[in-house]
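Biologist: Please show me the chain. I would like to ask about its fold and its aromatic rings.

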Amino acid sequence: VQLQASGGGLVQAGGSLRLSCAASTRIFSSYAMGWFRQAPGKEREFLAAIAFSSTKYGDSVIGRFTISRDNARNTVYLQMNSLKAEDTAVYYCAADRSWTTPSTAEEYDYWGQGTLVTVSS
């Protein structure tokens, strides 16, 4: 499975961005999809996961970020609102052949290349 993340960029604090991740698989609906981020000098952080209609979020983004998927387009999205300077990082999408909502990087088998989000204060 190949994953292609897009939608990153520069945004002011308080603004919004929507990230997209397109997957190259015919059975996209059977994959759990997740979003992570990694800031310089920090560990990769879990943000959100979705499997079928179930979702899970990391504590730092609850109420601000929303994960969704469009199985017809083989795409998962991350809507990010009320962005803060500390949200600046490279954002990665990941896929796992699972019916659950994995929240650790080790559980995911496939990774996209990352897209940079920069939030200016």
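This is a predicted model: local features need pLDDT of at least 70, side-chain atom pairs count only at pLDDT 80 or more; totals for chains, interfaces and linings use all residues.

Modeller: Residues are numbered from 1 along each chain as its sequence is written, and side-chain values use heavy atoms, with hydrogens and water left out.

Biologist: How many helices and strands does the chain have?

Modeller: Both kinds are DSSP runs, numbered from the N terminus: helices are H or I with at least four residues, strands are E with at least two. From the N terminus on, the elements run β-β-β-β-β-β-β-β-β-β-β. The count is 0 helices and 11 strands.

Biologist: What is the radius of gyration of the chain?

Modeller: The radius is taken over C-alpha atoms, and the globule rule is 2.2 Å times the number of residues to the power 0.38. For 121 residues that rule gives 14 Å, and the chain comes close to it, so it is as compact as a globular protein of that length. The radius of gyration is 13 Å.

Biologist: What share of the residues counts as buried?

Modeller: Buried means under 20% relative accessible area, exposed over 50%, and partly exposed in between, with a 1.4 Å probe and protein chains only. The chain has 121 residues. The buried share is 46%.

Biologist: Among contacts between residues at least 6 apart in sequence, what share joins residues at least 24 apart?

Modeller: Contact means heavy atoms within 4.5 Å. Among the contacts you name, the share is 59%.

Biologist: How many aromatic pairs does a search of the whole structure find?

Modeller: Rings of Phe, Tyr and Trp (its six-membered ring) pair if their centres lie within 6.5 Å; planes under 30 degrees apart count as stacked, over 60 as edge-to-face and the rest as tilted. The search covers the whole structure, and the number of pairs is 6.

Biologist: Which kind of aromatic pair do Y31 and Y110 form?

Modeller: Y31 is in the loop between β3 and β4, Y110 is in strand β10, and they are 79 residues apart. Y31 counts as buried, at 7% relative accessibility. Y110 counts as partly exposed, at 29%. The centres are 6.3 Å apart with 70° between the planes, and the pair is edge-to-face.

Biologist: How far apart in sequence are the parts tied together by F36 and F46?

Modeller: F36 and F46 form an edge-to-face pair, 5.6 Å centre to centre. F36 is buried, and so is F46. F36 lies in strand β4 and F46 in strand β5, so the pair ties together parts that are 10 residues apart.

Biologist: Which residue lies over the face of W111?

Modeller: A charge sits over a ring if NZ of Lys or CZ of Arg is within 6 Å of the ring centre and within 35 degrees of the ring normal. W111 forms one aromatic cluster with F36, F46 and Y108. At 4.7 Å from the ring centre of W111 lies R44.

Biologist: Which ring has the charged end of R69 over it?

Modeller: The distance from the ring centre is 4.5 Å, and the ring belongs to F28.

Biologist: Where does S82 lie?

Modeller: S82 has phi near 50°, a positive value in a residue other than glycine. At 40% relative accessibility, S82 counts as partly exposed. The place of S82 is in the loop between β8 and β9.
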